[in-house]
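Good morning, and thank you for making time for this presentation. I shall take the structure one region at a time, and I ask that you keep the view open as I speak.

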Amino acid sequence: MLRRLLQLYVGLSLYGLSTAMFIRSDLGADPWNVFHLGVAKLLAMDIGTVIILTGVLVLLLWIPLRLRPGLGTISNVIAIGLAADVALTFIPAIDSLVARSLLLVSAVIVNALATGMYIGAGFGAGPRDGLMTGINTRTGWSVRSVRTAIEVSVLLFGWVLGGTFGVGTVLYALSIGPLIQICLPWFRQKPRLLAPQPERVV
C-alpha cells in the first residue's frame, strides 16, 4: 500500500511538472491544457487553480453517470494543479527555440511516465478519464469516439479562448498513446503471490 501511494503521488506530481514544461516550451500543449491555458488567460487566474476547478466541474459530471471517485480521482483533482504551479516557479521562461523544443519533447515523455505511474497505482481514474469511460459505459459509444469528441471539444474551446495550440499539441496527440502503452506495464501494481505452503501429513 505504501509503495502504491508513493507511486500515485509521485506520478501526479510529475504530471503537474509536465504541464509546466508544456507551458514554458510555448510550442503547444495537450488538448486539456490548451483549454486550461485559455480559461486562465480569460479569467486572469493561475493555471493550477484552473486545473483544480476544471477537475471539480468534470467530477460533477460523474454524478449523472453514477460513477464513484476513488482516492486517485480526488488526489488527481488537487495534486496536479498544485504541482503545476510549483513547477512554474522553478522553470524560467526560455527564449532559445532549441531549448524549448527539448523541453517540449521531455514534457511528452514525463507526461507518459506520470500517466503510467498514477494509473498503475490502481487508486481510480482521474476525473477526465473517468468521464470518458463513464460515457462509454452508459451510451455504448466506443472509447475512441468518446475520447476524440471530448479532446477535440476542449481543444477548440481552449484555442478560441487563447490557449497555446502548436506543434506540441500535434506531437502529443501522435505520441502519447504509444508511450503510455510502453510505460504502463512498468508501473502496474500486481498482487503479491503467497508462497505455497507445504501440505501437512496427518
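**Leu-88 and its surroundings**

Leaving aside residues up to four places away in sequence, Leu-88 touches Ala-20, Ile-23, Arg-24 and Ile-47, where contact means heavy atoms within 4.5 Å. Leu-88 is located in helix H5; helices here are DSSP runs of H or I with at least four residues, strands are runs of E with at least two, and both are numbered from the N terminus. Before I continue, please note that this is a predicted model, in which local features need pLDDT of at least 70 and side-chain atom pairs count only at pLDDT 80 or more, while totals for chains, interfaces and linings use all residues. Residues are numbered from 1 along each chain as its sequence is written, and side-chain values use heavy atoms, with hydrogens and water left out.

Is Leu-88 buried or exposed? Leu-88 counts as buried because its relative accessibility is 15%; buried means under 20% relative accessible area, exposed means over 50%, and partly exposed lies in between, with a 1.4 Å probe and protein chains only. One of its contacts, Arg-24, is 64 residues away from Leu-88 in sequence, yet the two C-alpha atoms are 7.9 Å apart in space.

Ala-93 and Arg-24 are separated by 69 residues in sequence and by 5.7 Å from C-alpha to C-alpha. Ala-93 belongs to the loop between H5 and H6, and it counts as exposed because its relative accessibility is 67%.

**The overall architecture**

Let me now turn to the whole protein. It contains nine helices and zero strands. Its C-alpha atoms fill a box of roughly 80 × 40 × 25 Å along the principal axes. Of the 202 residues, 44% are buried. Among contacts between residues at least 6 apart in sequence, 82% join residues at least 24 apart.

The accessible surface amounts to about 11,700 Å², and carbon and sulfur atoms account for 69% of that area; such areas come from the Shrake-Rupley method with a 1.4 Å probe, and for residues only the protein chains shown count as cover.

**The nonpolar core**

In soluble globular proteins, nonpolar side chains tend to be buried together. For this model, a nonpolar core is a set of buried Ala, Val, Leu, Ile, Met, Phe, Trp, Tyr and Cys residues joined through side-chain atoms within 4.5 Å. Which residues touch the most other members of the largest core? They are Phe-22 and Ile-47, in a core of 48 residues. Helix H6, residues 97–120, supplies the largest share of this core, with eight residues.

Beyond residues up to four places away in sequence, Ile-47 touches Ile-23, His-36, Leu-37, Ala-40, Asp-85 and Leu-88.

Helix H6 also holds Thr-115, which counts as buried because its relative accessibility is 7%. With residues up to four places away again set aside, Thr-115 touches Tyr-15, Gly-120 and Ile-180.

Helix H2 covers residues 31–43, and its 13 residues reach 19 Å from the first C-alpha to the last, close to the 18 Å expected at 1.5 Å a residue; the expected span is 1.5 Å times one less than the number of residues. How many residues of H2 are buried? The number is 10 of 13, and H2 is therefore mostly covered. The buried residues include Trp-32, Val-34, Phe-35 and Leu-37. Just after H2, Ala-44 adopts a positive phi of about 55°.

Asp-26 has a positive phi of about 55° although it is not a glycine, and it counts as partly exposed at 47% relative accessibility.

Where does Thr-164 lie? Its place is the loop between helix H8, residues 143–160, and helix H9, residues 167–187. Thr-164 is partly exposed, with a relative accessible area of 26%. Thr-164 and Asp-26 are 138 residues apart along the chain, and their C-alpha atoms are separated by 7.0 Å. Among the residues that Thr-164 touches, not counting those up to four places away in sequence, are Asp-26, Leu-27, Val-34 and Leu-37.
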